[in-house]
Amino acid sequence: MNDLGWIDPVLSAARPQVMGALLRYFRNLDTAEEAFQEACLRALKSWPHNGPPRDPAAWLILVGRNAAMDDIRKRARQTELPDEAVLSDLTDAEASLADRLDGEHYKDDILRLLFICCHPELPATQQIALALRIVCGLSVKQIAQAFLVSEAAMEQRITRAKARIGNASVAFETPGAPERAERLAAVAAMIYLLFNEGYSSSSSREAEARTPLAEQAIWLVRLLLRLFPSEPEIMGLTALMLLQRARAKARFDKDGDIVLLEDQDRSLWSRPRIAEGLALIDKAMRHRRPGPYQIQAAIAALHARAPCAEDTDWAQIDMLYANLERLQPSPVITLNRAVAVSKVRGAEAAYEMIEPLGARLQGYFYFHGVKGALLQQLGRPQEAHEAFSRAIALANTPAEAAHIRQHLDRLSL
Amino acid sequence: MLYAILCYNSEEAIGAWSKDHHDETMARLYAVNDKLAQQGRLGPVARLLPTTAATTLRKGREELVIDGPFAETKEQLLGFYVIDCATLEAALDTAKELAKANPGTGSYEIRPVAEFHPSQLPDEKKPVA
């Protein structure tokens with residue numbers, strides 16, 4: 001069998017652990033990256049003949065570390081590297097040693113690697129680009145394409161991020177519990193941001209280009225969940241992302257226009273993703289330690305469970321949004337809640353809820369869209385028309401504007 | 001004799017499959033399925049969701065509910081086949097065919113089945129990919 005397609009996924013899967021360990025040894029991102037590249041090159045030479053090592057990550061850590069150390073030594077004197085064949089024969093014996101060395105560290109190694117990428121001194125765009133490059137191993141070209149920027153611009157963004165981190169200090173000792181929780185929260189926030197970069201596209205063409213961002217975010221959040229399998233908020237975040245992503249195929253129509261949740265063809269939703277998301281939110285809830293990600297996932301789960309839009313349990317969604325408002329007060333959450341309230345208690349109650357938000361959400365496209373829809377239901381077409389026009393003026397994309405225009409058409413003033 | 005072929009692999013690696021690699025591998029695996037079905041040897045087949053979605057109930061005086069599988073291992077149980085094989089050799093041959101369709105890391109545990117209750121699920125309860 002000449003199919004070597006299995007090697008790349010094995011290398012990608014091992015990457016976070018290997019990079020994390022190499023970073024701990026060398027305390028320098030560039031050295032760790034070079035060592036990892038070298039280890040991968042040797043794997044590509046050795047694995048097709050010798051088959052996969054029993055523990056690919058341990059193999060790569062050992063080979064990468066040796067290669068980098070050899071490189072350092074070589075600068076002083078010429079030392080021969082052991083032959084590839086000898087090396088891979090040795091590795092099974094040595095792997096268990098490397099495993100013992102790294103097994104206990106590997107959670108903190110990977111968490112540190114992720115945490116370095118979301119260093120507070122980095123702006124969000126640099127955090128995400130760095131994580132995609134360092135942890136996911138995407139090429140600069142791939143990242144640039146997903147962000148719809150030039151390769152040179154992305155190269156510069158990543159170089160700047162690395163330089164900033166180089167100057168900043170990152171603790172290498174094993175973090176204590178509060179620090180670990182802090183790192184976990186920062187990493188979770190970065191992953192969700194990355195996911196939204198991939199998800200928030202408003203045309204089908206843009207969505208296609210950005211698909212790798214959402215998929216990498218899901219890969220990262222699963223990685224985080226494997227490291228912390230009993231953290232309800234990480235389960236919640238994974239569930240939230242899976243449940244939202246499950247709807248990807250139904251989000252745009254043939255012309256590339258947005259299809260709202262209630263109008264989506266639910267047979268296009270991905271059943272395996274929904275099943276996994278529902279399983280995770282069920283697990284998370286058992287811990288009785290609710291958090292914003294879990295609540296948002298629970299809301300997404302109610303949508304996923306409804307066979308059609310009319311069956312949606314809006315009363316429950318209203319209650320969940322009320323909880324979310326308490327945990328994380330924000331006018332945007334109140335606005336979302338108002339949509340649920342309009343279904344449960346009518347447009348009047350919802351309109352009362354959003355009116356006071358006007359001052360803070362004046363420049364928010366979605367606010368005027370919701371306001372227009374509520375006014376329309378209340379039989380106030382003149383004011384609805386005003387709100388919709390305002391929304392169109394604020395629309396970020398032609399697709400958003402087109403969607404509001406449909407509402408305007410229906411007003412038939 | 002019925003054999004269960006239990007499929008173990010690193011779910012990290014499976015999660016890193018490209019769409020193309022996934023589609024090609026699944027097409028090859030389904031071809032093995034079809035062949036076994038034609039020979040009248042194919043029992044139920046299941047592909048499991050990742051272990052992060054799993055929960056374990058540990059029996060004991062006080063039952064313990066654990067997130068994920070009980071033991072932390074490098075390879076996880078990802079799915080299984082139940083197949084009718086005349087001999088262990090035949091079961092190994094089938095496992096080798098699966099390995100050929102899906103090469104790389106991982107392993108297949110070939111386990112004789114002691115008792116078997118066929119599915120009584122209505123069709124709409126069966127998740128499909």
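Me: How many Å separate the centres of domain 2 and domain 3 of chain A?

Reply: Taken over C-alpha atoms, the centres of domain 2 of chain A and domain 3 of chain A are 22 Å apart. Domain bounds come from an automatic or database domain assignment. Here domain 2 of chain A covers 106-167 + 176-228, and domain 3 covers 230-312. This is a predicted model: local features need pLDDT of at least 70, side-chain atom pairs count only at pLDDT 80 or more, and totals for chains, interfaces and linings use all residues. Residues are numbered from 1 along each chain as its sequence is written, with chains lettered from A and ligands numbered from 1 in the order in which they are written.

Me: How many residues does the contact take from each domain?

Reply: Two residues are in contact if their C-beta atoms, placed from the backbone, lie within 7 Å. Domain 2 of chain A gives 18 residues and domain 3 of chain A gives 14.

Me: Which element gives the most to the domain 2 side?

Reply: Helices (H or I, at least four residues) and strands (E, at least two) are DSSP runs, numbered from the N terminus. α10(A) gives the most to the side of domain 2 of chain A that touches domain 3 of chain A, with 10 residues.

Me: Now the sheet. What is the strand order in chain B?

Reply: Strands of a sheet pair through backbone hydrogen bonds, either parallel or antiparallel. Two strands pair if DSSP finds at least two bridges between them. In chain B, the order is β2-β5-β1-β6, an open sheet of four strands with antiparallel pairing.

Me: Why is one side of β2 and of β6 left without a neighbour?

Reply: β2 (42-47) and β6 (107-112) of chain B stand at the edges, each with a single partner strand, so one side of each has no neighbour in the sheet.
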